[in-house]
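Please look over the sequence and the model first, then read the points below.

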Amino acid sequence: MGCTPSSTAVEEESFARNTPVRRIAKTFVGLPEDSYPVESAVLKPIETATQAYQRLDEEICALESTSPGPRLLTAEAWIEHLETVFQKSDATSELYDHDTNLILDVRLNDVPNGGVGLSSSETAEAASNRGRDDTAKVRRLAIKLDIAVDPVQAARQEEFIARISRSAMGLEARSYHTDTIDHARARIIKLRQSFVRLQALYLELDRLIVTANNGAYVSTQEQHLDEELESAREIRDRLGGVTEQWRTAGLLMRAALKGLLQAVEYWSLVGQTSTAPEKISLALDCRSVCHGSLIALEVAQAALPQVEIPFVTLRQQSAVKHGLIYMLTDMVNPARYRHTKYVLEGFQANVDKSVKWLHDTFTGTLKKDFDEADQTVISIAKKLREIRKQYVSQRLGHKPYVRPTMAKTDKR
């Protein structure tokens with residue numbers, strides 16, 4: 001229609017009776033109303049049955065190449081698996097949180113080992129703000145305990161802070177689990193839309209073909225190609241479902257690498273910062289993104305249970321998680337700070353190698369097989385299309401194609 005959001009369509013009647021003329025008035029800022037440019041609407045060219053058949057078949061081929069059906073089945077099974085795994089993990093975490101007095105429920109004035117207590121007003125404030133971000137409360141507690149600049153205080157509070165960190169990370173893990181499920185659901189919605197569209201195209205194309213051949217093959221060649229096409233589609237669809245698993249794992253691995261790059265940067269800044277609040281904030285940011293990377297790696301491995309992703313070991317992941325738990329009390333100790341920096345940088349380098357391995361392996365094996373299977377389907381589909389286009393043209397000629405309404409299409 002118009003070129004701007006303010007374009008309006010105006011219908012006017014001509015001098016001839018019952019002959020409405022549709023005109024388009026484009027509103028341009030700064031022009032008087034009587035100077036608006038007016039165009040006659042251009043009608044779409046009439047589509048013949050033959051043209052409609054080719055358009056529908058080509059659109060089906062293009063959409064089929066994305067394998068929405070097999071990918072949808074894989075994505076639905078994946079989210080069911082994730083929900084089961086996460087429910088068990090979160091239930092275990094909840095039990096642990098109750099045993100360790102999570103920071104959300106701990107009385108901030110009950111600091112062990114002779115630490116500095118909070119005032120009664122601060123304690124009341126903490127109790128009334130339990131719904132706020134737990135990380136903010138950890139930050140306040142760490143500042144009160146002076147663990148960012150006092151090595152003696154950091155050593156004294158080490159296990160207490162580690163206990164709180166474990167609980168806080170348990171809460172954080174639940175948040176990451178929720179985000180992962182949300183992304184999986186969004187993927188399912190997108191795949192389902194493509195699948196529904198493909199089914200509608202199938203029905204519309206079948207209706208057109210039946211109109212031309214009365215529901216019977218016109219030749220043995222057509223029947224043979226149709227059967228060959230179905231077999232080729234099955235092969236490609238099986239590969240398409242597996243491809244979805246690799247796609248999921250690849251996205252998670254790249255997200256993990258991105259988080260680790262940020263974590264290494266945050267930890268480097270911790271060593272360059274002198275003020276306690278900044279150190280603690282940077283350390284908590286580092287812990288958060290690195291913890292997210294660990295979870296993403298675990299989920300990526302779960303997406304490919306039959307594949308052993310190299311370079312990143314469980315031992316190394318455990319070392320990183322241990323470093324995150326003691327991060328707040330290690331940053332004031334130069335030797336421990338350097339060790340944590342070494343662990344994070346080594347982990348990031350190995351994850352980078354894993355990401356490249358996953359990409360190269362997928363490209364050289366599964367993607368190659370899928371592309372070959374897809375090309376086979378396209379080749380057979382083109383041959384079958386030419387045969388059917390010929391008899392559609394012969395039997396329906398240049399009759400204009402009338403697209404069926406949704407109700408009629410669904411009925412068929």
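Where in the chain is Asn-214 found? Asn-214 sits in the loop between H6 and H7. The model is a predicted one. The chain holds 13 helices and three strands, and 43% of its 412 residues count as buried.

**The chain overall**

- The accessible surface of the chain is about 23400 Å², and carbon and sulfur atoms make up 54% of that surface.
- Among contacts in the chain with a separation of 6 or more, 81% are between residues 24 or more positions apart.

**Loop residues with positive phi**

- Most residues other than glycine have a negative phi.
- Asn-214 is not a glycine, yet its phi is positive, at about 55°.
- Asn-214 has a relative accessibility of 69%, so it counts as exposed, the cut-off for that class being over 50%.
- Phe-311, in the loop between H8 and H9, is another residue other than glycine with a positive phi, here near 80°.
- Phe-311 has a relative accessible area of 42% and is therefore partly exposed, as this value falls between the 20% and 50% limits.

**Helix H6 against helix H9**

- Helix H6 covers residues 158–213 and helix H9 covers residues 314–325; the two pack at an angle of about 115°, and their axes are 8 Å apart.
- On the H6 side the contact is made by Ala-162, Ser-165, Arg-166 and Met-169, and on the H9 side by Lys-321, Leu-324 and Ile-325.
- Sorted by class, this contact of H6 with H9 has four nonpolar residues, one polar residue and two charged residues.

**Helix H4 against helix H8**

- The axes of helix H4 (residues 134–145) and helix H8 (residues 276–303) cross at roughly 140° and come within 10 Å.
- The crossing of H4 and H8 is right-handed.
- H4 contributes Thr-135, Val-138, Arg-139, Ala-142 and Ile-143, which meet Pro-277, Ile-280, Ser-281 and Leu-284 of H8.
- Six nonpolar, two polar and one charged residue make up the contact of H4 with H8.

- Across the whole structure, a search finds two aromatic pairs.
- Trp-246 and Phe-362 form a stacked pair, with 6.2 Å from centre to centre and 25° between the planes.
- Trp-246 belongs to helix H7 (residues 220–272) and Phe-362 to helix H11 (residues 334–364), so this pair ties together parts that are 116 residues apart in sequence.
- Trp-246 and Phe-362 are both buried.
- The ring centres of Trp-267 and Tyr-337 are 5.0 Å apart and the planes lie at 25°, so this pair is stacked, the limit being under 30 degrees.
- Trp-267 in helix H7 and Tyr-337 in helix H11 are 70 residues apart, and the pair links distant parts of the chain.
- Trp-267 is buried, and Tyr-337 is buried as well.

- Leu-63 is part of helix H1 (residues 49–64).
- With a relative accessible area of 18%, Leu-63 is buried, because the cut-off is under 20%.
- Leaving out residues up to four places away in sequence, Leu-63 touches Pro-68, Ser-194, Arg-197, Leu-198 and Leu-201.
- One of these, Leu-198, is 135 residues from Leu-63 in sequence, while the C-alpha atoms of the two are 6.8 Å apart in space.
- Arg-385 lies in helix H12 (residues 366–396), and Arg-385 is buried, with a relative accessible area of 8%.
- Again leaving out residues up to four places away in sequence, Arg-385 touches Tyr-53, Gln-54, Asp-57, Glu-58 and Cys-61.
- Val-210 has its place in helix H6.
- Val-210 is partly exposed, with a relative accessible area of 37%.
- Val-210 and Val-392 are 182 residues apart along the chain, and 9.8 Å separates their C-alpha atoms.

Notes: Residues are numbered from 1 along each chain as its sequence is written. This is a predicted model: local features need pLDDT of at least 70, side-chain atom pairs count only at pLDDT 80 or more; totals for chains, interfaces and linings use all residues. Side-chain values use heavy atoms; hydrogens and water are left out. Axes are lines fitted to C-alpha atoms, for helices over the stretch in contact, and angles run from 0 to 180 degrees between N-to-C directions. Helices (H or I, at least four residues) and strands (E, at least two) are DSSP runs, numbered from the N terminus. Contact means heavy atoms within 4.5 Å. Ala, Val, Leu, Ile, Met, Phe, Trp, Tyr, Cys and Pro count as nonpolar, Asp, Glu, Lys and Arg as charged, and the others, Gly among them, as polar. Rings of Phe, Tyr and Trp (its six-membered ring) pair if their centres lie within 6.5 Å; planes under 30 degrees apart count as stacked, over 60 as edge-to-face and the rest as tilted. Buried means under 20% relative accessible area, exposed over 50%, partly exposed in between (1.4 Å probe, protein chains only). A crossing is left-handed if the near helix is turned anticlockwise from the far one by less than a right angle, and right-handed if clockwise. Accessible areas come from the Shrake-Rupley method with a 1.4 Å probe; for residues, only the protein chains shown count as cover.
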